[in-house]
Amino acid sequence: MDEADRQLLRRCRVRLVGELQVAELWDALLSRELFTRDMIEDIQAGSGSRRDQARQLVTDLETRGRQALPLFISCLEDTGQDTLASFLRTSWQAAKQDPEAVKPLDHLVPVVLGPIGLTPKEQRVVKLDTSQPAQGNLTPVVLGPEELWPARLRPEVLRPETPRPVDIGSDRSHDVCAPEKIKGRADMAYILAADPCGHCLIINNVNFHPSSGLSTRTGSHVDCEKLQHRFRWLHFMVEVKNDLTAKKMVAALVEMAQRDHRALDCFVVVILSHGCQASHLQFPGAVYGTDGCAVSIEKIVNIFNGTGCPSLGGKPKLFFIQACGGEQKDHGFEVACTSSQGKASDSDSEPDAVPYQEGPRTCDQLDAVSSLPTPSDILVSYSTFPGFVSWRDKKSGSWYIETLDGVLGQWARSEDLQSLLLRVANAVSEKGIYKQIPGCFNFLRKKLFFRT
């Protein structure tokens, strides 16, 4: 593989690791002789999760010869991963036409800064006059043309700047674009002026059919009651659906998408259930209906795209998912203790976990070949990192929902949604013996401030 292809592959690495369906690729890689069977077995044996295998595959791909990248793109097309194949092929063709686009860092040419009209030859390092030491016995270093030497600068430029006061007690640094100034600007923030602001649908699955093999989600009613109260406080019309099968979940979501949202400014879906990993293109994970059949997050989000719900076009659509992203338990790593929260007992905590299965376990699976429209005005907030369990206390509810409710109650008046979710992630990460870190896929175009 030449250097240009290698640089392109490294630039695309994050997306490849996130979206690559490696289980479907092995036969194609063998048939095109891009990898040997021994190499594939080594990747499978040495890397546990799909992401780990994808990461190792991309790394090894750099060693597979000059035709490795186009052959790999063909393998993606052979296995129906057309969106990823098209992305790579377009990037590869663009790189061939413009090699500068993927030039490695060690080949970059330094850019000389200076007034307009000056060429690099006119820029020079000025020898310093050390006979006049600067304040504090420090000598300033001046770079640039003679026209900008200190003697010719305005006197006020050389005066030490008056320190700006810092508000330590505000728990955030000074920001020239204060939230209050942003809220009313339609070019920087969504305007949530309608009252009520929009619909909020909460699907709360607690009791599962015995044949599903899924346990009762004790404590989930606490989460549901908290979010009912919280989103009503945020001026949403809240509807709760309890214990829905997979088909009834989809039906409830489709019915909501078919409503007229033109007079409203926002829309929220909250799903409280067991979950698992699932094949995906853009949004990972799936949630279970009470019958043990799974509905992918990608399918749920796609119900509210521009085609399925045109009256929500250009309006923020928020999805909060309290469910496991997989079955791994995160033991964390040792750091200096900054909080006492992590010392709490986990005796009443249990995961919303179900092992990941690629096979035909569910009756409502994601079509891994189909593609979604480019998402916009969408945010999907997950209770846990993909591949890991999400913890729920039998008495106080889930760590994620309990923290989300508290953060909204304390900070929603003054901070945008992304800042609120950062607070949630930080607080949840400090809980328990086993660790958990929420995250989100953010395709919002502007900041979002709730009405309070």
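This is a predicted model: local features need pLDDT of at least 70, side-chain atom pairs count only at pLDDT 80 or more; totals for chains, interfaces and linings use all residues.
Numbering runs from 1 along each chain as its sequence is written, and side-chain values use heavy atoms, with hydrogens and water left out.

Strands and helices here are DSSP runs numbered from the N terminus (E, at least two residues, for strands; H or I, at least four, for helices), and two strands pair if DSSP finds at least two bridges between them.

Strand 1 (residues 198–204) and strand 3 (residues 266–272) run parallel and are joined by seven bridges. Contact, here and below, means heavy atoms within 4.5 Å.

Why does Ile-378 count as buried? Its relative accessibility is 5%, and buried means under 20% relative accessible area, against over 50% for exposed and partly exposed in between (1.4 Å probe, protein chains only). Not counting residues up to four places away in sequence, Ile-378 touches a set that includes Phe-283, Val-301, Phe-319, Phe-441 and Leu-444. Phe-319 sits 59 residues away from Ile-378 along the chain, yet their C-alpha atoms are separated by 7.9 Å.

Next, the nonpolar interior. In soluble globular proteins, nonpolar side chains tend to be buried together. A nonpolar core is taken here as a set of buried Ala, Val, Leu, Ile, Met, Phe, Trp, Tyr and Cys residues joined through side-chain atoms within 4.5 Å. The largest such core has 34 residues, and those with the most contacts inside it include Phe-231, Val-270, Phe-320 and Phe-450. Among the elements that each supply at least two residues are helix 10 (220–233), strand 7 (317–322), helix 13 (399–411) and helix 14 (417–429). Helix 13 gives the most, with seven residues. Phe-320, leaving aside neighbours within four places in sequence, is in contact with residues including Phe-231, Val-270, Ser-381, Tyr-400 and Leu-421. Apart from this core lies another one of 30 residues, among them Ala-252, Ile-297, Ile-303 and Ala-323.

There is also a three-stranded open sheet, with antiparallel pairing and the order 4-5-6. Strand 4 (275–276) and strand 6 (294–296) have a single partner strand each, so one side of each is left without a neighbour in the sheet. Strand 5 (residues 286–288) runs antiparallel to strand 6, with three bridges joining them; Ala-286 has Ser-296 as its bridge partner in strand 6.

Finally, some loops worth a click. Most residues other than glycine have a negative phi, and most peptide bonds are trans. Asp-195 and Pro-196 are joined by a cis peptide bond with omega of about 5°, and Pro-196 lies in the loop between helix 9 (179–183) and strand 1. Glu-33 has a positive phi of about 55° without being a glycine; it lies between helix 3 (26–31) and helix 4 (37–46) and is exposed, with a relative accessible area of 68%. His-235 has a positive phi too, near 70°, in the loop between helix 10 and strand 2, and counts as partly exposed at 21% relative accessibility.

Last stop: Ser-311, in the loop between helix 12 (297–302) and strand 7, is buried with a relative accessible area of 15%. Beyond its neighbours within four places in sequence, Ser-311 is in contact with Arg-259, Asp-260, His-261 and Arg-262. A polar atom of the Ser-311 side chain lies 3.0 Å from the backbone nitrogen of His-261.

Key: A polar contact is a pair of N or O atoms within 3.5 Å; within protein, one must be able to donate a hydrogen and the other to accept it, and residues adjacent in sequence count only if both atoms are side-chain atoms.
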